[in-house]
Amino acid sequence: MKKPFLGCAYYPEDWDEDQIDFDISMMKKAGITCARIAEFAWRKMEPSRGHYDFGWLHNVVDKLAAADISVVMGTPTACPPIWLIKEYPDVAELGPNGVRKSHGGRRHCCSNNPHYLEASDAIVTALAKEFGNDPNVIGWQIDNEIYSWGTGCVCEHCIERFHKALEKKYGSIENLNARWNLNLFSQAYDSFDEIPAAVNAWHNPHIHMEWIVSNREAQIDFVHRQAVILRKYTKAPIGTDMMPVNGEDYEKMNECLDIAMFNHYNEPSNLPGLPFWYNFIRTVRDTPFWNTETATTWNGSEAITQFLKPEGFCRVNSWIPIALGGEANMYWLWRQHWAGHELIHGAVLYPDGKPMHTFGEIQQTAAEFEKASDFITSTKVDTEVAIQFTSKNWNMFECQSVIANYGYLDGPSDTMHALTPLGICPDVIGARASLDKYKVIFSRSMLTLEDGDMPERLEKWVRDGGVWVVGPMTDIRDSVGAHYKKSATGMTERLTGVDMLHTIPTDGKYLAAEWTDGSGELKFGRWTEVYSEGGNILARITKGHSELVGKSVIASFDCGKGKIILCGAMLDRDDLTKLAKLALDMAGIKQRKVEGKLTVVPRKGDGMDGLVLCELGYENASVELDRPMTDILTGKSYPAGRLCVEPYGIYVLE
Amino acid sequence: MKKPFLGCAYYPEDWDEDQIDFDISMMKKAGITCARIAEFAWRKMEPSRGHYDFGWLHNVVDKLAAADISVVMGTPTACPPIWLIKEYPDVAELGPNGVRKSHGGRRHCCSNNPHYLEASDAIVTALAKEFGNDPNVIGWQIDNEIYSWGTGCVCEHCIERFHKALEKKYGSIENLNARWNLNLFSQAYDSFDEIPAAVNAWHNPHIHMEWIVSNREAQIDFVHRQAVILRKYTKAPIGTDMMPVNGEDYEKMNECLDIAMFNHYNEPSNLPGLPFWYNFIRTVRDTPFWNTETATTWNGSEAITQFLKPEGFCRVNSWIPIALGGEANMYWLWRQHWAGHELIHGAVLYPDGKPMHTFGEIQQTAAEFEKASDFITSTKVDTEVAIQFTSKNWNMFECQSVIANYGYLDGPSDTMHALTPLGICPDVIGARASLDKYKVIFSRSMLTLEDGDMPERLEKWVRDGGVWVVGPMTDIRDSVGAHYKKSATGMTERLTGVDMLHTIPTDGKYLAAEWTDGSGELKFGRWTEVYSEGGNILARITKGHSELVGKSVIASFDCGKGKIILCGAMLDRDDLTKLAKLALDMAGIKQRKVEGKLTVVPRKGDGMDGLVLCELGYENASVELDRPMTDILTGKSYPAGRLCVEPYGIYVLE
Amino acid sequence: MKKPFLGCAYYPEDWDEDQIDFDISMMKKAGITCARIAEFAWRKMEPSRGHYDFGWLHNVVDKLAAADISVVMGTPTACPPIWLIKEYPDVAELGPNGVRKSHGGRRHCCSNNPHYLEASDAIVTALAKEFGNDPNVIGWQIDNEIYSWGTGCVCEHCIERFHKALEKKYGSIENLNARWNLNLFSQAYDSFDEIPAAVNAWHNPHIHMEWIVSNREAQIDFVHRQAVILRKYTKAPIGTDMMPVNGEDYEKMNECLDIAMFNHYNEPSNLPGLPFWYNFIRTVRDTPFWNTETATTWNGSEAITQFLKPEGFCRVNSWIPIALGGEANMYWLWRQHWAGHELIHGAVLYPDGKPMHTFGEIQQTAAEFEKASDFITSTKVDTEVAIQFTSKNWNMFECQSVIANYGYLDGPSDTMHALTPLGICPDVIGARASLDKYKVIFSRSMLTLEDGDMPERLEKWVRDGGVWVVGPMTDIRDSVGAHYKKSATGMTERLTGVDMLHTIPTDGKYLAAEWTDGSGELKFGRWTEVYSEGGNILARITKGHSELVGKSVIASFDCGKGKIILCGAMLDRDDLTKLAKLALDMAGIKQRKVEGKLTVVPRKGDGMDGLVLCELGYENASVELDRPMTDILTGKSYPAGRLCVEPYGIYVLE
């Protein structure tokens, strides 16, 4: 198996059989080493209930094998055939308006419906039996982009699941009423089965969040159920391809899977933000992740919403996942659909078999993957800095965004961007990640820290010597999203000894603050926390309401062997870089000077040590090298000092 | 009882009982003299049907009494407990899509549903029996912010009520068909019970308006039904807290109540518009109104949509209702909810008991209310000018806004703003208000004047010597919103002897007009009425279609001992001030020169006479005093002449 | 009968009978020669099922006859009386949310419902019997503005019709599955009756398009069904008044009708685009069309959305249809509704009978129609240039707009505007139009050419000597909207011998092209097609991805005796005019130099020959006359050379 993989999604079921040989010959020409197949082909596998036909699929897998192209096999459960809907109309999702989804799209069935589960189990079992031992199947993908849309299904099975989840979590209805403050609005329930789906009302954020979580956990259970079946028949690694949609719990979803799989579709404008997701996906499992989908050109369904991108985009877009810890980059899709829902989406080939204009970039990428193969497979991303980012907080923001139109992503991702000029490539970690390897952790917009034993682990970590940058909008809600009643925070008032006096939404008017080191005014974001006097105060309010002027907004504190920096201001990127530098210096972490939108990825392995550079802003950038290095891709050597990087430039430096 | 009241909404049912003493001690510290309680606490009072528990509430009322804090008791009918919904699922409102609202918010029940009414009667009776004679309960608030949302409930009871209301109003179906012109589109009905709720169709504006009115009257009946019950058990004054939402009929709603109650949530940007509502609420009853809700800081539900306001906002915002004729200002809420729907809304205290940054302003306000108490309680707002503003016209605009995106509020409120530079604080009066005390009345955007005996009263009033400024968009529809067929207007063509030749929507292009006194061009609004030659013409069309050029757009007429000024142009504020000055001069009303967004409120009482000034634009302002005056709040004296007022300044001048 | 007709919509059923004489006397004063009546008056004709009353209508028709005003009689089927809905509630349209439309608007019944059809047949029969031989009824209008809104009705009858239509078109379900590529997403159906209405799912564009077409064809069948009935009783011409809404199939709708009828409501801003529709409507039948509705002033329903227009607008707006091949212009409406849904819409008279400000323009128009009558009735629009514009492509764009927010209309209408400076007034032709008379045809945004025998006819036409300007976005989909699989195009790759290498969405960045004649850079639109080397290359890519640079984007080719110009760039109007000039020169078509938004209409007849000029931009314009001409309207003569035309000027030059 050639790693890193360069792959593509291949739908032979949509084409005449005589096209297979042509397609495979073109894949070889492009440098494709891996094909994702079968994910939507349930009907072709099981044209009527219990009658299977896998011959066509064996044919494809075998021909790919003969061409030395590996296969990732998808379970086709996102798209049940019409015979299932016809036999059991209630397998279709029920909307809050009382109308069920109709057959015609995908993922229109309810993952809690017993008839759907029965049919899903059967096709997964049959497929696994057929291909579980096929040597050319190097991995399994469960379903496709599974998540809950909108309010989710409100059928009886989903409601029942919701009630059971609540009962398990809260124990008694009295406890639920108490935790959610349901004396308010006389909302309290007398039994779990009275609780409605959180639709058709102005619901409180706590029930709203639990409803979302219940819907999302149903999808996780559904995936895990398939994994259990697959493991009976195969030893190949298993995953499910997820997208950066809403507050899916990536950690929990991947808990009993082997490989984190990720789909993304970015444009020049938001490409610089893409590393955030890879920095996160990388930490979800200890095996290298697979980027299972990305576009070669533009994406689009019935209408195109992306346009022609500059030369080099396809290549750098293919390289980022590899640079940041993945071992596969796969295109969606191989050959543009000749008809159907997504007939306008870019691909490697046009429907008539002509190559798209990025074909040359794909060939180049394939060649480069081969050149860098040793380095990539022998090293891992090396970092001592983490940014917290959890599913629970995403969901909490969705249900109570604190200030209108402020999303959860902004806080953690701004922190990543603030680290870029310092040459730091942080891990982005979920609630269950071990903290041991980190010297600095940033917790911004972490409304609640109460997620399992995270509070205890954080406290121990900081007391043992960590540098913890906290806030704003952090530690101010309990595990269900309620305010604390005896303190403004869950733990930081206790750990620092200062009070959080005020939590203030601001639009920048009527408030100003300055760094106490004389370096000037802070730019104000939309939320400010104000502390009582104490610690080493780094910034104070200088203008505004007389009650606020002079008060602390940023301060640092000793805590055991560690440090806590409370940051009450929603800093812009420059100020945040300043604060981050301060924290990195406290922790003794070496930095590298970087200019521009250059992602610098230090990688280390047995005796190997280097940097991968990816320019993502389509502009010139630079990094300071601390020793002479050689680019594996070109063989060129560079002296220590400033290395200039051209737009969309990629360097694998040893 | 200390008046004016400084109060707050207090929800002890949402907190541990051990917090009551703390809360009360902090209220004393803040200067709070009055607490609104119980409005959503039905379940705590009646945990299961017919089983009441008022002990906890007596405890609170008694502790407040001990602290000399009066109580306004709310009936909790906005939030029925789950047992009612469970017993009778049809108490929940039915939406036009056939789906009922689910338990979880508030005001989700149908006010026409007999089972809801039965349960509501019972809890109101029980509560009234308990607290009807409690000396610390100084007033009763029925339900909370009751109004119809969107299309309203479409259940059988609501439809039946609609049919009965139509039958009562129109007598026969033939008459209804005739009044609504239902030959059009073959829409005519053969019996009242065929008439649908005005949803799911492109409905004519007449049925649409009646449907809205029927929904709104259901809420009025519901409130009056509670008032009847309460009166059996209490002598304390009764009200219901309303908001400036849509075309609620404030006059009718308050007809059998004692105190008009009003909730509002303003920001710096729209604070200057707030007096309009108080000028209106003041006229609804002859007793001083209560401002039952306003924010201390920002409001917000799951997300904050308002931001930090400048210092002084809380104080001036608390003072406006008092200046303009109220005797209570109450904050919503005392202590920020620790959880639930509105956990982000500003309050006096944070959930952990710390005071918010406006605490000092609240204390100052409390002290000032005490200082000014004699003056405020002994004087009333003194004015001879009125602006008409009626529920029927609001509803008519909602159903046929004449020109797209033009709302009813603009006309009357622009008139108020045009009076500000003249130092006039007008009454804003509904359809039933007596006209006797006024020398000048402005009727702008009064599509119809046909509301009870208003046309007769207006004609008598003007013939007896009033100065009536009419138009534009006034008197051009009959009582159901139809055009007149024999004249363009209901009465003004007859009273003035000139014809309204044209009614013209304009976007300012292709039309111009000038004052005939040589003072220049008018700025054009979005609607213009053109008159035939006659009267004393004040402005004429000067550019545009040849059919229009030279024609009259503003003219004055004698009418009995009075005057009518027809204004066909939608004047901007400067031109409107000019026209208003002309009318005030005709009526011999003295004016005061005011600069800036300064509300100047003349107040008069037994031997007392003074001005209250409130600066609302957060900028410098001034007023010309015609005699030396002394500020009750500071004791400072000011000579006659120009008094400069600082941003958010408040003066109580005697 | 006086032609061209100047008419109006007249609703005597909405007024007291004593108004008829007054209305008719005012019509005479205005110069009205024709009245459209009865279109919504079903209930007045048939107050209860089977009981007819036509006396009132005879009275009106006879009085109009006495005044020499002709009548166009409308069938009233858009507005069934309440008794029908009451007897059969299922006649009302069923929405996708399961809720039926309620009585109160118009066109709320399902045109596939057998009970509605039965009642419709009966009233049409009764009306036709009464007035079929009335000599004053000069034409019949079936229903009014009939089309499918939104998703259309989803009742069992509509679904059944859909299935039958699919079965007829595709023959077998296997064929349908294959044509729509329904292996994709396992969507394939086992029988036609499993196919849902294309709602409640992310449906593929092919099913979506067929669903739309099925809904639209139901309306066509409904109209044709009425035509069959009418023909039994009348010899007067029959039509149905349509609007430029969505992708209605005007050709098919008018197939068994006699006169194309068209309603439009334009404003100064979009008046220059109006000729496009008349150029199209003119070609639908060989008889002159009738403009059945347009506003005298502003339109509006409960609220006005248009404003005062400049003097002359009403006149030029009335003249355009006549200039462009119509023989009637009718106003909607005669007298502003005194109540009801559209009580704010402009008219000839106000409700109280006063004339609106455009009355003089209407009188002038009437006089001019009379003056120009001989010329207009003896000549026809004369052109050798056509632009293709088909219902199928409109629907295909609606279901797969290729690039987001790009509509079908833009391509063909931009082509018309590009011809204006050349003095060319093109025909706009549908899929069934004969091509024989044209020397140049433009096919832009014609996604598919597969519509009946169009491909064969186009090929023959070009081989016989036509000059065909093709693209972009043309010939790239098959008849159901799928990509071709063996070629990028249906016929142009074959006819030109070059390949369409790339189809590229662009936002103008990262791409540039230049004319090969040295005349500079092209402005880029949002879609570009790139060809292989071949033909006479007119423009090439000059900047962009290295794979694209140097490639052809515009090229011309010989094809038999004709020429094909492939245009892969979405040219702006200036570049398009340049390309059009090139094509016109190839075809030897004489051009006239025109400046400004002047529509120049050459008309020819027996021994007559002239030009009608209409200035539509409210600005100065000019045209080069090639001989001295005389204006029939004023009698003035103009020498050869430049004729300047004033804003909204109209000239009928002989």
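**Reading the interface of chain C with chain A**

Modeller: The count between chain C and chain A is three salt bridges, a salt bridge being a side-chain nitrogen of Lys or Arg within 4 Å of a carboxyl oxygen of Asp or Glu. One of them joins the side chains of A:Lys86 and C:Glu194, at 3.0 Å from N to O. This is a predicted model, in which local features need pLDDT of at least 70 and side-chain atom pairs count only at pLDDT 80 or more, while totals for chains, interfaces and linings use all residues. Residues are numbered from 1 along each chain, chains are lettered from A, and side-chain values use heavy atoms, without hydrogens and water.

Colleague: How many residues of chain C are in contact with chain A?

Modeller: Contact means heavy atoms within 4.5 Å. On that basis 62 residues of chain C touch 57 residues of chain A.

Colleague: What is the area buried between chain C and chain A?

Modeller: The size of an interface is often given as the accessible area lost when the parts come together. Buried area here uses a 1.4 Å probe and is summed over both parts. The value is about 4700 Å², with carbon and sulfur atoms giving 59%. In chain C, the residues losing the most area to chain A are C:Phe185, C:Trp202 and C:Lys485, together 16% of what that side buries.

Colleague: Which strand of chain A pairs with β13(C)?

Modeller: Strands are DSSP runs of E, at least two residues long, numbered from the N terminus; two strands pair if DSSP finds at least two bridges between them. Strand β9 of chain A (residues 303-304) pairs with β13(C) in the parallel sense over two bridges. A:Ala303 is opposite C:Val402 of β13(C).

Note on methods. Buried area is the accessible area (1.4 Å probe) that two parts lose on being put together, summed over both. Helices (H or I, at least four residues) and strands (E, at least two) are DSSP runs, numbered from the N terminus.
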